[in-house]
Amino acid sequence: QVQLVESGGGLVQPGGSLRLSCVASRSMFRFTAMGWYRQAPGKQRELVASITSGGSTNYADSVKGRFIISRNNDKNTVGLQMNSLKPEDTAVYYCNTQRGLWAWGQGTQVTVSS
C-alpha cells in the first residue's frame, strides 16, 4: 500500500506564495505520472497540475502561469510552487498519480485570505 504524505500548506495573503511537497513511499514513483489535486468545500476534487515520469507538465487553465509542478525521482517527491495566490485557490491539496489510482493521503490545507 503506497503512502502519500503532503505538506507545506498554510494561511497566505492574496498575491502570496506557497510551496507544497508530497512524498511517496512507493518505489514505482519514478515511472508514474503524478498530479496535484485540490478540493474546495462543497466542490469536487479537481486535477490542477500533472507531470509525467519524464518531466512534461500540464496545468488547469485556472492555475496556468501561476503554479509550477516539479518532481525529484531520487527522493520520490513531487512539489507544487504556487505563486500569485488568489482566494479561489483555497482548498485542501492532494497529490496522487495523474489518474488518482493510489490511496489518497490526508492532504494539506491552503487558505488564501487577507
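Strands β3 (residues 18–24) and β8 (residues 77–82) pair in the antiparallel sense over six bridges. Pairing here requires at least two DSSP bridges between two strands. Strands are DSSP runs of E with at least two residues, numbered from the N terminus, and helices are runs of H or I with at least four. This is a predicted model, in which local features need pLDDT of at least 70 and side-chain atom pairs count only at pLDDT 80 or more, while totals for chains, interfaces and linings use all residues. Residues are numbered from 1 along each chain as its sequence is written, and side-chain values use heavy atoms, with hydrogens and water left out.

**The sheet**

- Arg 19 stands opposite Gln 81 in β8.
- Four strands form an open sheet in the order β1-β3-β8-β7, with antiparallel pairing.
- β1 (4–7) and β7 (67–72) are the edge strands, and each pairs on one side only.
- Neighbouring strands of this sheet are turned by 15° against each other on average, direction ignored. Axes are lines fitted to C-alpha atoms, for helices over the stretch in contact; angles run from 0 to 180 degrees between N-to-C directions.
- In general, strands of a sheet pair through backbone hydrogen bonds, either parallel or antiparallel.

**Aromatic pairs**

- Rings of Phe, Tyr and Trp (its six-membered ring) pair if their centres lie within 6.5 Å; planes under 30 degrees apart count as stacked, over 60 as edge-to-face and the rest as tilted.
- The count by this rule is two aromatic pairs.
- Tyr 37 and Trp 104 have ring centres 5.0 Å apart and planes at 85°, so they are edge-to-face.
- Tyr 37 lies in strand β4 (residues 34–39) and Trp 104 in the loop between β9 (91–97) and β10 (108–112), so this pair ties together parts 67 residues apart in sequence.
- Tyr 94 and Trp 104 are also edge-to-face, at 5.8 Å centre to centre and 80° between the planes.
- Tyr 94 sits in strand β9, 10 residues from Trp 104.
- Ring pairs link Tyr 37, Tyr 94 and Trp 104 into a cluster.

**Burial in the cluster**

- Buried means under 20% relative accessible area, exposed over 50%, and partly exposed in between (1.4 Å probe, protein chains only).
- Tyr 37 is buried at 7%, and Tyr 94 is buried at 11%.
- Trp 104 is partly exposed at 34%.

**Charges over rings**

- A charge sits over a ring if NZ of Lys or CZ of Arg is within 6 Å of the ring centre and within 35 degrees of the ring normal.
- Arg 45 lies over the face of Tyr 94, 4.3 Å from the ring centre.
- The charged end of Arg 71 sits over the ring of Phe 29, 4.6 Å from its centre.
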